[in-house]
Amino acid sequence: MAAHDSVERKYVYDFAEGNKDLKDLLGGKGANLAEMTNLGLPVPPGFTITTEACKAYLTTGREPDGLAAQIEAHLESLEREMGRRLGDPDDPLLVSVRSGAKFSMPGMMETVLNVGLNDRSVVGLSAQAGRNDRFAWDSYRRLIQMFGKTVCEVPGEEFEHALDEIKRAKGTHNDLDLDADDLRGLVDAYKKIFAKHTGREFPQEPREQLDLAIRAVFDSWNAERAVLYRRQERIPADLGTAVNVVTMVFGNLGPDSGTGVAFTRDPGSGAQGIYGDYLANAQGEDVVAGIRNTVPLQELEQLDKTSYDQLLGIMARLEEHYKDLCDIEFTIERGKLWMLQTRVGKRTAAAAFVIAGQLVDEGLIDLDEALHRVNGAQLAQLMFPRFQLDHEFEAVAKGIGASPGAASGKVVFTSARAVELAAEGEAVILVRRETNPDDLNGMIAAQGILTSRGGKTSHAAVVARGMGKTCVSGADELDVNVPAKRFTVGDHVVNEGDVVSIDGTTGKVYLGEVPVMPSEVVQYFEGELHPETTDDALVRAVHRIMTHADAARRLRVRTNADTGADAARARRFGAEGIGLCRTEHMFLGDRRELVERLILASGEREREDALAALLPLQRADFIEIFREMDGLPVTVRLIDPPLHEFLPPLEQLAVNVAVAQERGEDVAKEEALLAAVRRMHEENPMLGLRGVRLGLVIPGLFAMQVRAIAEAAVAVVRDGGTACPEIMVPLVGAVQELETVRAEAERIIAEVVGDSGVEVLIGTMIEVPRAALTAGQIAEAAEFFSFGTNDLTQMGWGFSRDDVEGAFFWRYLELGIFGISPFESIDTDGVGRLIRIAAEEGRAARPGLKLGVCGEHGGDPDSVHFFHSVGLDYVSCSPFRVPVARLEAGRAAITTTGSDSR
Ligand code: PEP
Ligand code: MG
């Protein structure tokens, strides 16, 4: 086998040497080809070059020592096994060279088929195929085309044009009408194109073809679209790809050959049954590329019953072996079935839940594993609204519901235009005949994708499902004319900029904007759909898995809510209290006037009057919230933003004053406000007079709020309810700040609650780095901490939270400084470290200190796992995120050995 000494790394593995657990090293495709080989399934022999080899190549710019010799040894052994030599003129062995990273990146990286063909072996191939010249020359022209484009960067369109040219000369649209002579002529044309662009002849030496193709696959790891896809999918940039060198089998040898893609269950709905596309007399990529319309896999039964039955048997075996939905690629070469790929298949969010439930029923997995197999991002998707359809809306076309959701937007026909309009804030639907990897930017920018060709396994469908983006594919009633920027369907002409709506579940296409309604899953959370009575498989699966998550989780889940209505909805969604009630909205609207009075108060008396007028309003707010959250804790945060935020902007006031003066009106009040705004102006308001600092500077402000909270709690308790208020002080950086506020608050609380039985906790936000670093001291004066991760991120990184995301984060993401905005998902190394320190030191100083988080990160799946690992008691997030946090908290609490749900 490999000629390497004991210190040399093993870079090449025969399929028989690997297994499915070696994805890091062999990539997903290589590991699963090995697994299938070892299961005794019909896999064309071959070998895998490891991701280690790729990484070494990408770091140093050259193949690592020993790789060439190992490839040679494995190739020789493959040649022995097959009884043919690579590119042999009389009886050639041909191979495909295929990428395969740890995580599937559909269509992002390169593949070269038919390596080993040249001017001489093309004749040998024809003989091998029973004097099938047409097939041999077609294979050769495909090699030059793929090799040229992939390995030597020859523009793909040039080959397309040459092919179109020959078809035009022949008066046909169909590749199959071209005969051997036409294809031989095409090979000549392709070779000229190759030579023109590369300055050299197409390489005739098979081993050189192989080495260059391997190198091109390595390089494709860093192709722009691959980089973009990884960023989108949060796949680490340093994994590298493996390269699989696989004996070629041919699906294009005639009507008894073909190629297909299949799923062991419906990846859209999760329904049991065989699901796939088949294309007779075609080679590998034709199906995925959506170039010709496929037939449903079931039709294979009529075409080739033996292969069909064998395939069904293999699919059942794979499901049982992988204990999950598998997708496969296969080829039939003259009635002989070959398995080219399998993997645990991508699926829609709905299918993920339904399948996890089914597999539990089938006894293949337990509930922990089922919980592990779904995730919060999928649940969030299932909570998207859907179309509300009545007789007014009639579909103008029906394609395949390739990726669910409901999307409306302006029609665009190019990726570039999609990006342009999306940047202007427009919702767009990208309409194409079919998409290809170059459309990725546009697909990311669009609300939805609509194609006139391709099946459920076309590029558009696979990529959209991966992104959770609505997609309808293969709507073949649409006649898409990209250069003219329009499509026609029936009598309708739809131009760029016209609005259409697409339903990725039913595959229907509507003209104009269709209104939307809540999804079934939201209706379930709202208590309007009951799992016991509905026959909706999704609702039943969600209920079952959520119930298990709730039983498993250690983290409690609260909500951020500052109105009774939000509190009530969050409670229906499973919130176990309020983790953050921001009180600032209670100072807006018609209460602004009272705030102005407070700010303009010239003496103690006026200020007290203004506060006294605010008190009953605040009390009423809190009563409503305590009632909705009866029996559950409610953390009320004392006012946080700088008070001048409640005043009109300086420019507006200045204009008002000038206009009023001009008219000779009394401008005393406006002038006073203007002067106050000028006086209170801050260069950096986020670092200015806000939070606890306000409470210490403006006498009576916090006292009024504390009194309103305590009085509201007493009122609710006197009415027979249970109020559990927790008063939270924002922006504390030093324990002395908290002590001062606490002393006054305790006095007021004692006075108000009397013997009512109401208990009020006092705690603080930890959102200033200094607070995190002195948490041991602060805990002496706090009964709870709630991490304000928005401010902690802002101050930890020194990133103004209102400015940076639009200003330069794109560049930071591009440079890989972070993979996702730290405002979206917690930066575990930096900001997370502050949290860890504060949690440990706070608990050391005060055992039993209650710890929670109320920044935006409380509803972010990855962050929830981090908060679980740090030992927080709860997370708090917006009402719609509550189910997501419940699910992820459950997932964080279980440990399984199963596959990742990515
Ligand atoms: C925070 O800073 O994380 C927080 C919850 O407070 P706000 O977003 O209101 O500043
Ligand atoms: Mg804050």
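**Around ligand 1**

Guide: A polar side-chain atom of R637 sits 2.9 Å from an oxygen atom of ligand 1. This is a polar contact, a pair of N or O atoms within 3.5 Å. The model is predicted: local features need pLDDT of at least 70, side-chain atom pairs count only at pLDDT 80 or more, and totals for chains, interfaces and linings use all residues. Residues are numbered from 1 along each chain as its sequence is written, chains are lettered from A and ligands numbered from 1 in the order in which they are written, and side-chain values use heavy atoms, with hydrogens and water left out.

E767 also places a polar side-chain atom 2.9 Å from an oxygen atom of ligand 1. T789 uses its backbone: a polar atom there is 3.0 Å from a ligand oxygen. On its own, ligand 1 has 290 Å² of accessible area (Shrake-Rupley method, 1.4 Å probe). The protein covers 96% of that area.

Now the shell. It holds 14 residues, counted when a heavy atom lies within 4 Å of the ligand. R582, R637, G788, N790 and R801 come nearest.

Two elements each give two or more residues: β27 (578–582) and α31 (789–797). Helices are DSSP runs of H or I with at least four residues; strands are E runs of at least two, and both are numbered from the N terminus. The largest share, three residues, comes from α31.

Conventions. A polar contact is a pair of N or O atoms within 3.5 Å; within protein, one must be able to donate a hydrogen and the other to accept it, and residues adjacent in sequence count only if both atoms are side-chain atoms.
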